[in-house]
Protein chains: 4
Amino acid sequence: MPITPEQQAEIDAARAQAQPTLRATAPGLEQHLYKAHQVLDHGFVRVIDYMGDDAAICQAARVSYGKGTKAVSNDKGLIRYLMRHWHSTPFEMCEIKLHVKLPVFVARQWIRHRTANVNEYSARYSILDREFYIPAPDHINAQSVVNNQGRGELLEGEEAARVLDILKADSNRAYDHYEQMISDDGQKGLARELARMNLPTNIYTQWYWKVDLHNLFHFLRLRADAHAQYEIRVYADVICKLVADWVPLAYEAFEDYRMGGVQFSGKGIDVVRRMLKGEKVTQEDSGMSAGEWRELMNAIS
Amino acid sequence: MPITPEQQAEIDAARAQAQPTLRATAPGLEQHLYKAHQVLDHGFVRVIDYMGDDAAICQAARVSYGKGTKAVSNDKGLIRYLMRHWHSTPFEMCEIKLHVKLPVFVARQWIRHRTANVNEYSARYSILDREFYIPAPDHINAQSVVNNQGRGELLEGEEAARVLDILKADSNRAYDHYEQMISDDGQKGLARELARMNLPTNIYTQWYWKVDLHNLFHFLRLRADAHAQYEIRVYADVICKLVADWVPLAYEAFEDYRMGGVQFSGKGIDVVRRMLKGEKVTQEDSGMSAGEWRELMNAIS
Amino acid sequence: MPITPEQQAEIDAARAQAQPTLRATAPGLEQHLYKAHQVLDHGFVRVIDYMGDDAAICQAARVSYGKGTKAVSNDKGLIRYLMRHWHSTPFEMCEIKLHVKLPVFVARQWIRHRTANVNEYSARYSILDREFYIPAPDHINAQSVVNNQGRGELLEGEEAARVLDILKADSNRAYDHYEQMISDDGQKGLARELARMNLPTNIYTQWYWKVDLHNLFHFLRLRADAHAQYEIRVYADVICKLVADWVPLAYEAFEDYRMGGVQFSGKGIDVVRRMLKGEKVTQEDSGMSAGEWRELMNAIS
Amino acid sequence: MPITPEQQAEIDAARAQAQPTLRATAPGLEQHLYKAHQVLDHGFVRVIDYMGDDAAICQAARVSYGKGTKAVSNDKGLIRYLMRHWHSTPFEMCEIKLHVKLPVFVARQWIRHRTANVNEYSARYSILDREFYIPAPDHINAQSVVNNQGRGELLEGEEAARVLDILKADSNRAYDHYEQMISDDGQKGLARELARMNLPTNIYTQWYWKVDLHNLFHFLRLRADAHAQYEIRVYADVICKLVADWVPLAYEAFEDYRMGGVQFSGKGIDVVRRMLKGEKVTQEDSGMSAGEWRELMNAIS
């Protein structure tokens with residue numbers, strides 16, 4: 001269970017204190033505030049705060065004086081227009097702050113998205129908890145044979161059991177040793193900033209992560225994508241649902257133009273145009289490589 | 001007057017709609033929301049939205065689960081510690097969104113602060129208003145004779161009158177011509193994206209500007225400083241007051257460590273140490289240039 | 001002429017001093033170094049420095065030890081793969097520094113691209129030159145009747161002449177007054193930081209602008225686009241040619257995937273798929289708005 | 001040894017290929033190019049490329065046409081002035097690209113500096129080497145008793161031996177299991193993206209890291225500081241020496257104003273002023289907390 005009773009009590013207390021505000025509020029997101037949405041075995045995503053809503057995107061795009069009194073139908077059209085034409089700055093006017101608990105190897109991928117604010121739990125200052133990500137049996141996969149940076153079919157039987165045994169045993173032994181080294185019982189006790197390096201990267205860490213909606217969409221496009229590693233994708237999937245409840249119009253446009261959208265190269269769109277005119281086009285006379293051709297055929301069929 | 005009755009009505013309407021929220025609220029800033037704080041002759045600063053408060057800074061620094069239940073006295077000490085030791089990330093966890101109306105030449109200085117989000121009123125899309133910054137008589141200064149990028153004593157009498165006449169006449173003529181060129185009455189009418197280039201940079205523009213507290217402090221340190229140009233400093237001064245009402249503990253630490261603080265070089269601190277030991281130190285044996293020495297003497301006297 | 005004889009002499013001197021270096025060099029860009037490529041009537045783009053070449057992109061993608069010994073054909077495939085799959089970080093490993101002279105209203109659009117380094121000529125510190133952008137007769141257009149932020153057909157005859165007269169006369173008068181106000185001949189002389197505000201935004205400024213290749217591509221995609229304002233597009237066009245000489249493989253991939261590429265929404269690609277199966281699709285049963293449908297039909301025909 | 005003979009051969013080949021360039025060159029840094037400067041037991045820092053030199057900082061500050069023909073003495077004064085007054089943009093005009101091999105727990109601290117470009121070796125794509133950081137005996141310290149996030153006295157005797165044994169044994173066992181899990185000999189073989197999570201954070205990774213001089217100085221100020229963790233400080237120390245050879249004037253100013261400089265709060269400078277006037281000041285009548293007072297006394301004695 002990722003949340004202790006004490007932590008749950010703090011969350012409940014925070015949810016009990018509604019205050020009046022003149023700011024834009026997003027009722028769809030208020031219902032999620034502070035709650036822990038479980039991800040993987042010990043992880044979670046919690047919304048801590050947010051700024052703005054769908055109307056705020058339009059308000060900024062129009063540099064208007066009021067809260068945005070235009071009809072929702074106009075807002076929807078404007079948001080779709082902004083998304084379609086890559087007008088990113090109005091989406092930057094919304095901001096969200098999340099508390100995320102996640103394995104270190106996932107955190108290392110996540111942090112590559114630099115345009116965000118982060119405060120991570122410090123293992124120099126504090127002692128980490130004994131919480132490690134151990135994959136569920138239906139997520140222990142073999143190396144992909146077609147994609148150098150992906151996973152293929154599921155491991156089964158003895159091999160799967162062996163992997164799980166190793167991960168569990170090594171995690172626990174590393175943590176036992178971590179505790180032994182930092183203990184000051186009968187010895188000085190190793191500095192925490194050194195002892196932590198014995199811990200494997202499936203240990204959980206946590207951070208506060210704050211990002212604007214434009215950069216969050218960029219993160220989600222890459223990390224909720226089918227090519228993303230499963231262990232980060234499940235976080236992105238949870239965040240997608242939260243965003244859909246926060247800014248439903250913007251999220252719908254994002255889904256249509258980014259997640260569901262397809263980018264064609266100049267060569268690719270040329271092939272499509274020829275095909276639409278009834279021409280029979282092959283890879284050979286497309287000017288495309290085998291990989292590009294395969295991706296194009298997947299996209300249009 | 002910078003605000004029309006219609007705009008004021010929109011502002012009043014926005015201020016009439018309090019909603020319950022579970023988020024952190026800053027009562028000191030709620031009272032300012034949407035209101036136009038006048039700056040210069042036609043400019044203003046309006047707070048449109050904000051995220052976080054003093055407690056949110058501590059909450060992020062501690063990566064805590066609740067809203068921050070520690071005593072205010074602890075929060076104050078922690079915030080001062082963070083400020084003193086340049087731990088900037090917790091301050092990034094607060095965010096503010098402003099609507100600012102400002103002369104174009106001020107906007108050009110302002111925009112150099114890149115770590116912020118901006119949506120500016122588009123003079124390609126819309127027609128600018130006839131509003132120009134004309135300095136008040138007590139802010140028409142001569143070029144400084146000691147500082148190449150500053151102003152010196154006040155202009156007076158005929159010279160001051162001549163300057164004001166020029167600024168007013170040129171602004172109005174440029175605007176008349178702008179209107180004539182874009183008019184489609186009896187002619188095609190020049191494109192707005194071209195006609196705007198005839199307008200001088202004392203014309204007012206406006207934008208939505210969103211920034212985190214750390215980067216806002218950096219902006220304020222440079223722009224509320226005595227060396228900043230007066231016309232941007234008055235905006236910074238207004239924002240300082242808003243921030244003091246928003247995050248009083250963080251603002252107090254900022255005032256003490258940044259605005260009121262002094263940075264000594266290694267050579268400078270060496271001079272101070274020698275003086276404190278009773279030694280008589282001169283510029284010659286300080287190893288400092290005349291300019292550095294003068295700045296040091298100013299700082300310690 | 002944008003360059004004075006003294007400036008040209010400085011440029012010639014800089015071009016005369018070849019030095020040996022162990023760094024990656026791009027012969028195609030060395031030939032352009034320091035030279036002023038004229039843009040508009042008084043503007044220019046000059047390459048001041050650069051870091052990296054096509055091989056450096058691959059070297060970073062592979063985190064390799066040597067300069068990149070793989071065959072050029074492999075580098076080309078890798079670069080196309082990186083571009084196609086939005087792997088942006090290897091392109092960030094190339095950097096270019098430009099000296100640009102440009103009208104202020106163009107500079108104001110340009111600076112919205114925040115992920116770059118800028119040092120602009122200071123009109124607080126220095127006196128601006130009497131150089132204003134006056135459009136050539138074939139670039140004075142009417143406001144577009146279909147696009148709120150674009151220009152339409154050419155102005156002709158008396159209207160065109162009137163516009164040019166206004167722009168020239170207002171520019172010169174503003175500059176005369178600027179000189180009169182800052183003069184200390186028989187008067188104190190207005191501070192430069194104030195006097196500059198009388199100048200219209202077709203005056204030229206200049207800056208050093210440094211950017212990595214990924215962010216430069218983003219800039220070029222938006223500013224070399226047909227929808228960009230002509231006066232910034234001509235700068236982007238010149239930079240495109242410089243980049244093609246600098247990193248020919250990366251530029252070719254950029255042209256194919258970004259400039260020549262097309263982004264379809266989920267709804268759009270669904271229409272294409274149905275059409276390719278021989279189905280007759282209309283806007284009504286596409287689920288798309290009139291604007292989206294028109295853009296889609298343009299893209300595929 | 002951090003470098004294999006094959007890698008050394010690649011480095012030697014790169015160093016053998018001097019090319020003529022018209023760009024600014026820094027002879028002091030050319031001598032370091034590509035060479036591996038060893039850090040810790042298996043790590044290194046290699047300079048891969050650079051842009052600019054001391055003159056380039058001045059050239060950008062002056063927005064000049066030539067390479068910078070002013071006397072070196074003028075450049076020195078200008079650079080000191082820019083550093084003293086926090087004019088950061090001219091320093092951003094220099095850029096350096098490093099290849100760094102470092103333990104994962106160091107990489108996790110390093111990456112918090114977001115304004116930089118990074119390409120890291122991918123453990124999804126490739127197999128990591130069996131290289132772990134094992135501290136030298138004179139760097140195994142106990143937890144500090146005064147500083148929650150630091151280390152104190154050295155561990156000795158049996159305790160030190162026990163720690164080293166644990167770190168070595170756990171690293172090797174984890175790597176053995178990593179190899180066993182990914183092996184496809186008689187089994188499918190676990191995906192690399194999963195197997196890597198069994199590895200502790202003292203394993204080495206490597207990346208290309210590119211940063212401008214201003215942001216590098218910020219990194220060095222924090223990481224070459226006495227309060228930084230030893231394992232990242234040794235990297236910062238090596239980079240300091242490289243920067244001193246690259247831009248000697250800028251580095252000297254950085255040392256004097258940043259590394260050797262001291263920041264006083266408003267309260268602190270008030271105390272100094274009173275002391276300089278001969279007043280006896282105590283913590284009680286300073287208005288400062290015990291911690292602030294202690295830091296102040298350290299700074300001035």
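First, the ground rules. This is a predicted model, where local features need pLDDT of at least 70, side-chain atom pairs count only at pLDDT 80 or more, and totals for chains, interfaces and linings use all residues. Residues are numbered from 1 along each chain as its sequence is written, and chains are lettered from A, ligands numbered from 1, in the order in which they are written.

Let's start with chains C and D. Take chain C and rotate it by 180 degrees, with 0.0 Å of shift along the axis. It then superposes on chain D with an RMSD of 0.0 Å. Which C-alpha of chain C is nearest the axis? That of P20(C), at 2.2 Å.

Now the contact between them. Two residues are in contact if their C-beta atoms, placed from the backbone, lie within 7 Å. By that rule, 43 residues of chain C touch 42 residues of chain D. Which element of chain C gives the most to this side? Helix 1, with six residues. Helices here are DSSP runs of H or I with at least four residues, strands are runs of E with at least two, and both are numbered from the N terminus. By class, this side of chain C has 21 nonpolar, 11 polar and 11 charged residues. Nonpolar means Ala, Val, Leu, Ile, Met, Phe, Trp, Tyr, Cys and Pro; charged means Asp, Glu, Lys and Arg; the others, Gly among them, are polar. And 98% of the interface residues of chain C are also interface residues in chain D, so the copies meet through the same surface.

Back to P20(C). Its bridge partner in strand 1 of chain D is P20(D). The two strands 1, one from chain C and one from chain D, pair in the antiparallel sense over three bridges. Pairing means that DSSP finds at least two bridges between two strands.

Next, chain B. Here 44 residues of chain C are in contact with 44 residues of chain B. Helix 6 (157-182) of chain C is one of the elements supplying at least two residues to this side.

Now inside chain C. Five strands form an open sheet in the order 2-3-4-8-5, with antiparallel pairing. Strand 2 (37-39) and strand 5 are the edges, each pairing on one side only. Strands 3 and 4 of chain C pair over seven bridges. One partner pair there is Y50(C) and I96(C).

What lies across strand 4 and strand 8 of chain C? Helix 8 (residues 213-223), at about 130 degrees to strand 8. Helix 9 (residues 230-246) lies across strands 2, 3 and 4 of chain C, at about 35 degrees to strand 3. Axes are lines fitted to C-alpha atoms, for helices over the stretch in contact, and angles run from 0 to 180 degrees between N-to-C directions.

Last, domains in chain A. An automatic or database assignment sets the bounds. It gives domain 1 (5-133 + 202-259), domain 2 (135-200) and domain 3 (266-300). The C-alpha centres of domains 1 and 2 of chain A lie 29 Å apart. There, 10 residues of domain 1 are in contact with 11 of domain 2.

Terms used
Least-squares fit on C-alpha atoms with pLDDT ≥ 70 in both.
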